[in-house]
Amino acid sequence: MIFIYLNTSIFILLSALHFYWMFGGKSGMQSVLPDLENGKTMRPSQFATAVVAIGLLVFAFICFGMSGNFSNVIPFKFFTIGNYCIAAIFLLRAIGDFKYVGLFRKIKNTTFGVTDKKYFTPLCILIFIDYILIFLLS
């Protein structure tokens, strides 16, 4: 259960941070967006940030569903399949796109590259490992 609560909490906190940015918050923005090859920084739209924030809330709900709290309303199979998909997403994010993000990124010496190496990729690996433990212990 602790791994379900851990991943659920991480998703809620990340969602809240994205909502903060969506509503105009600036703190932390300089280190969370990849620097592109042309020297510019990626600038997602407010809509894209909202999609990520809502998606992370959905991830939190699906992860929390593994606790069995909604099994009388929603079939448990939905949560199992959903969590396998989420685990795969975070494994793929940890591996990366071979250019800007993940373990095998080529662009490493930018503010984002350093932050990704220290925080974001390890967080994705942690979430994936938590999912392995969730699946093994459920």
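First, what I call a helix: helices (H or I, at least four residues) and strands (E, at least two) are DSSP runs, numbered from the N terminus. This is a predicted model, where local features need pLDDT of at least 70 and side-chain atom pairs count only at pLDDT 80 or more, while totals for chains, interfaces and linings use all residues. Residues are numbered from 1 along each chain as its sequence is written, and side-chain values use heavy atoms, with hydrogens and water left out.

Let's start with packing. Two packed helices are described by the angle between their axes and the distance between the axes. Axes here are lines fitted to C-alpha atoms, for helices over the stretch in contact, and angles run from 0 to 180 degrees between N-to-C directions.

Take α1, residues 2–22, and α3, residues 46–65. Their axes are 8 Å apart, at an angle of about 165°. α1 and α3 are therefore roughly antiparallel. α1 passes α3 in a left-handed crossing. Left-handed means that the near helix is turned anticlockwise from the far one by less than a right angle; clockwise is right-handed.

Who touches whom? Contact means heavy atoms within 4.5 Å. On the α1 side the residues include Y5, F11, F19 and W21. On the α3 side they include V52, L56, F59 and F64. By class, this contact has 18 nonpolar, six polar and no charged residues. For the classes, Ala, Val, Leu, Ile, Met, Phe, Trp, Tyr, Cys and Pro count as nonpolar, Asp, Glu, Lys and Arg as charged, and the others, Gly among them, as polar.

Next, α1 against α5. The axes come within 9 Å and cross at roughly 145°. α1 passes α5 in a left-handed crossing. From α1, the contact residues include F3, L6 and I10. From α5, they include L126, I134 and L137. The class count is 13 nonpolar, one polar and one charged.

The crossing of α4 past α5 is left-handed. Among the α4 residues in contact are Y84, F90 and R93. Among the α5 residues are D116, F120 and F128. The contact divides into 14 nonpolar, two polar and two charged residues.

Keep R93 and D116 in mind. They bring us to the salt bridges. The rule: a side-chain nitrogen of Lys or Arg within 4 Å of a carboxyl oxygen of Asp or Glu. How many salt bridges does this rule give? Two.

In one, D116 pairs with R93, the closest N and O atoms being 2.5 Å apart. D116 is in α5, residues 111–137, and R93 is in α4, residues 76–95, so this pair links parts of the chain that are distant, 23 residues apart. In the other, the side chains of D116 and R105 meet at 3.2 Å, N to O. R105 is in the loop between α4 and α5, so this pair ties together parts that are 11 residues apart in sequence.

Buried or exposed? Buried is under 20% relative accessible area, exposed is over 50%, and partly exposed is in between (1.4 Å probe, protein chains only). D116 is at 0% relative accessibility, so D116 counts as buried. R105 is buried too. R93, at 22%, counts as partly exposed.

Last stop: the loop between α4 and α5. F98 lies there. F98 has a positive phi of about 70° although it is not a glycine. For context, most residues other than glycine have a negative phi. F98 is partly exposed, with a relative accessible area of 45%.

F104 is in this loop as well. At 49% relative accessibility, F104 counts as partly exposed. What does F104 touch? I95 and F98, not counting residues up to four places away in sequence. F104 and L123 are 19 residues apart in sequence and 15 Å apart in space, C-alpha to C-alpha.

D97 also lies in the loop. D97 is partly exposed, at 39%.

Methods
Parallel < 35°, antiparallel > 145°, perpendicular 65-115°, else oblique.
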